[in-house]
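Here is a short briefing on a protein model for you to browse alongside the viewer. Please have a look at the chain before reading on.

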Amino acid sequence: VTLLAAGTCTVAQEEKVLYSFVPNFSDGLQPYAGLIFDAAGNLYGTTYYGGAYESGTVFELTPQTGRGWTETVLHSFNLNGTDGAYPHGSLIFDSSGNLYGTTISGGNFSSEGTYGCGTVFELTPQTGGGWTETVLHSFNGQDGFTPWSVGLILDAAGNLYGTTDAGGAHNQGTVFELTPKTGGGWA
């Protein structure tokens with residue numbers, strides 16, 4: 001007979017809150033997705049709700065000398081028939097410092113006048129500060145609907161890959177690739 005003695009091992013753990021979102025919509029609410037760092041130590045993420053149009057945000061957290069972090073909203077999504085809404089997945093950077101992500105709603109209006117089925121977007125840093133958002137693709141249902149994925153991936157050639165929760169030939173979701181076109185735009 002082997003007798004094992006189980007003891008309680010207590011390890012001191014410390015948690016540090018870097019930033020608490022304010023329930024006033026301006027800085028965003030409900031950050032579902034994971035965060036990413038840039039080379040300077042700034043954190044980037046998305047909020048599902050909030051922002052100027054209450055359709056979610058992309059934000060940056062910048063560490064302050066000494067202690068604390070400052071949040072800056074880089075983009076507020078606008079459910080206006082062209083922009084995406086409700087980002088859910090994590091962001092990724094390319095080698096030029098552009099951010100990419102998805103929204104589960106919004107995009108181009110369909111012919112029936114309803115909101116789109118989600119988007120893939122790019123945020124490009126501007127010289128002197130600020131970011132410019134470009135919708136790279138608006139899903140239409142046939143090519144996918146609601147890209148709920150954890151996030152996009154980027155290959156060495158600059159192609160973006162992801163998944164959608166629904167849509168496609170059998171309305172059970174799709175795996176998609178977006179390829180940058182020579183001269184601009186995406187296929």
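A contact here means heavy atoms within 4.5 Å. This is a predicted model, where local features need pLDDT of at least 70 and side-chain atom pairs count only at pLDDT 80 or more, while totals for chains, interfaces and linings use all residues. Residues are numbered from 1 along each chain as its sequence is written, and side-chain values use heavy atoms, with hydrogens and water left out.

**Overall picture**
- The chain has 12 strands and 0 helices (DSSP runs numbered from the N terminus: E of at least two residues for strands, H or I of at least four for helices).
- Of its 187 residues, 42% count as buried, meaning under 20% relative accessible area with a 1.4 Å probe, protein chains only.
- Among contacts between residues at least 6 apart in sequence, 38% join residues at least 24 apart.

**Nonpolar cores**
- The largest nonpolar core has 11 residues, including Ile92, Tyr100, Phe139 and Trp186; such a core is a set of buried Ala, Val, Leu, Ile, Met, Phe, Trp, Tyr and Cys residues joined through side-chain atoms within 4.5 Å.
- A second, separate core of 9 residues includes Tyr44, Leu74, Phe77 and Leu91.
- Leaving aside residues up to four places away in sequence, Ile92 touches Ile36, Tyr100, Leu152 and Leu160, among others.

**Serine 138**
- Serine 138 belongs to strand E9, residues 131-138, and counts as buried because its relative accessibility is 15%.
- Its side chain reaches the backbone nitrogen of asparagine 108 at 3.2 Å.
- Beyond four places in sequence, serine 138 touches Gly107, Asn108, Gly118, Thr119 and Asp143.

Terms used. Buried means under 20% relative accessible area, exposed over 50%, partly exposed in between (1.4 Å probe, protein chains only). A polar contact is a pair of N or O atoms within 3.5 Å; within protein, one must be able to donate a hydrogen and the other to accept it, and residues adjacent in sequence count only if both atoms are side-chain atoms.
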